[in-house]
Amino acid sequence: MLLAEGVSGPEKGGGSAAAAAAAAASGGVGADNSAEHSDYRAKLSQIRQIYHTELEKYEQACNEFTTHVMNLLREQSRTRPISPKEIERMVSIIHRKFSSIQMQLKQSTCEAVMILRSRFLDARRKRRNFNKQATEILNEYFYSHLSNPYPSEEAKEELAKKCAITVAQVSNWFGNKRIRYKKNIGKFQEEANMYAARTAVNAANASSHGSQANSPSTPNSAGGYPSPCYQSDRRIQ
């Protein structure tokens with residue numbers, strides 16, 4: 001996992017691998033959350049730096065301790081015979097001990113990376129994943145105001161309350177929806193017709209239970225909402 005995230009690797013202290021792993025984990029960087037991606041990459045790079053600093057300390061301590069033990073064995077060899085096998089066994093014990101310590105370091109670093117990814121991805125899900133009901137509410141407003149799909153601040157606040165999201169999320173949703181709609185109006189025409197029919201049915205039902213003086217609004221003769229006029233300042237409520 002550390003290698004995949006760019007924390008461990010041949011280039012100690014480097015940040016390029018960590019940055020690439022952060023971008024891959026986030027699923028692509030967008031203009032609206034580039035700052036958050038930068039924060040994620042910075043934290044991942046910090047974890048990488050701490051990991052390699054500690055790893056170098058353990059490697060240095062292992063080498064120093066091994067040298068110390070070897071010197072002691074040489075001194076003892078003056079008074080008693082010491083076989084190469086005994087020296088090899090002592091060195092092996094030392095390396096196993098420090099390998100165990102390094103494994104604990106890797107495990108704790110893995111946990112830190114997993115916590116970072118979990119917090120980052122969970123935060124993105126909370127910001128971006130609207131439930132089906134919220135999407136229905138926003139789509140219904142969009143298509144019922146298709147000639148000028150720019151909700152007022154008051155309308156945004158009301159939609160935010162209905163959808164249990166923030167006003168900023170409402171603004172971002174409408175901005176993205178307008179862009180997607182303008183790029184491929186034909187693709188969204190079926191969706192527009194569906195909401196037009198739903199609006200007509202709801203209006204007819206409301207009219208049958210209310211005053212006959214208020215005639216329900218209906219879609220245009222083509223069977224759908226009119227094409228949007230994004231240059232108009234007129235808002236249709």
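Student: Where does Ala164 lie?
Tutor: Ala164 is in the loop joining helix 5 (153-163) to helix 6 (167-183). Helices (H or I, at least four residues) and strands (E, at least two) are DSSP runs, numbered from the N terminus. This is a predicted model, where local features need pLDDT of at least 70, side-chain atom pairs count only at pLDDT 80 or more, and totals for chains, interfaces and linings use all residues. Residues are numbered from 1 along each chain as its sequence is written, and side-chain values use heavy atoms, with hydrogens and water left out.

Student: What about phi of Ala164?
Tutor: Phi there is near 60 degrees, a positive value in a residue other than glycine.

Student: And is Ala164 buried or exposed?
Tutor: Ala164 counts as exposed because its relative accessibility is 68%. For the cut-offs, buried means under 20% relative accessible area, exposed over 50%, and partly exposed in between (1.4 Å probe, protein chains only).

Student: OK, zooming out. How many helices and strands are in the chain?
Tutor: The chain has 7 helices and 0 strands. Read from the N terminus, the order is α-α-α-α-α-α-α. Of its 237 residues, 32% are buried.

Student: What share of the contacts joins residues at least 24 apart?
Tutor: That share is 72%, counted among contacts between residues at least 6 apart in sequence. Contact here means heavy atoms within 4.5 Å. One such separation in sequence is that of Leu44 and Val113, which are 69 residues apart in sequence and 7.1 Å apart in space, C-alpha to C-alpha. Leu44 lies in helix 2 (residues 34-76) and is buried, with a relative accessible area of 0%.

Student: Back to helix 6. How many residues does it have, and how far does it reach?
Tutor: Helix 6 has 17 residues and reaches 25 Å from its first C-alpha to its last, close to the 24 Å expected at 1.5 Å a residue. That expected span is 1.5 Å times one less than the number of residues.

Student: Which residues of helix 6 are buried?
Tutor: They are Gln169, Val170, Trp173, Phe174, Gly175, Lys177, Arg178 and Tyr181.

Student: Which residues touch the most other members in the largest nonpolar core?
Tutor: Leu138, Phe142, Tyr143, Leu159, Val170 and Phe174 do, in a core of 19 residues. Helix 4 (132-144), helix 5, helix 6 and helix 7 (185-209) each supply at least two residues of this core. Helix 4 gives the most, with 6 residues. A nonpolar core is a set of buried Ala, Val, Leu, Ile, Met, Phe, Trp, Tyr and Cys residues joined through side-chain atoms within 4.5 Å. As background, nonpolar side chains tend to be buried together in soluble globular proteins.

Student: Why is the pair of Tyr143 and Tyr195 stacked?
Tutor: The planes of Tyr143 and Tyr195 are at 20 degrees, with centres 5.3 Å apart, so the pair is stacked. Tyr143 in helix 4 and Tyr195 in helix 7 are 52 residues apart. Tyr143 is buried at 0% relative accessibility, and Tyr195 is buried with a relative accessible area of 2%.

Student: Which residues do ring pairs link into a cluster?
Tutor: The cluster holds Tyr141, Phe142, Tyr143, Trp173, Phe174, Tyr181, Phe188 and Tyr195.

Student: Switching to charges, how many salt bridges does the structure hold?
Tutor: It holds 6 salt bridges, each being a side-chain nitrogen of Lys or Arg within 4 Å of a carboxyl oxygen of Asp or Glu. One of them joins Glu136 and Arg198, with the closest N and O atoms 2.7 Å apart. Glu136 is in helix 4 and Arg198 in helix 7, 62 residues apart.

Student: And where do Lys162 and Glu158 lie?
Tutor: Both are in helix 5, 4 residues apart, about one turn of the helix. Lys162 is exposed, with a relative accessible area of 52%, whereas Glu158 is partly exposed at 45%.

Methods: Phe/Tyr/Trp six-rings, centres within 6.5 Å; stacked < 30°, edge-to-face > 60°.
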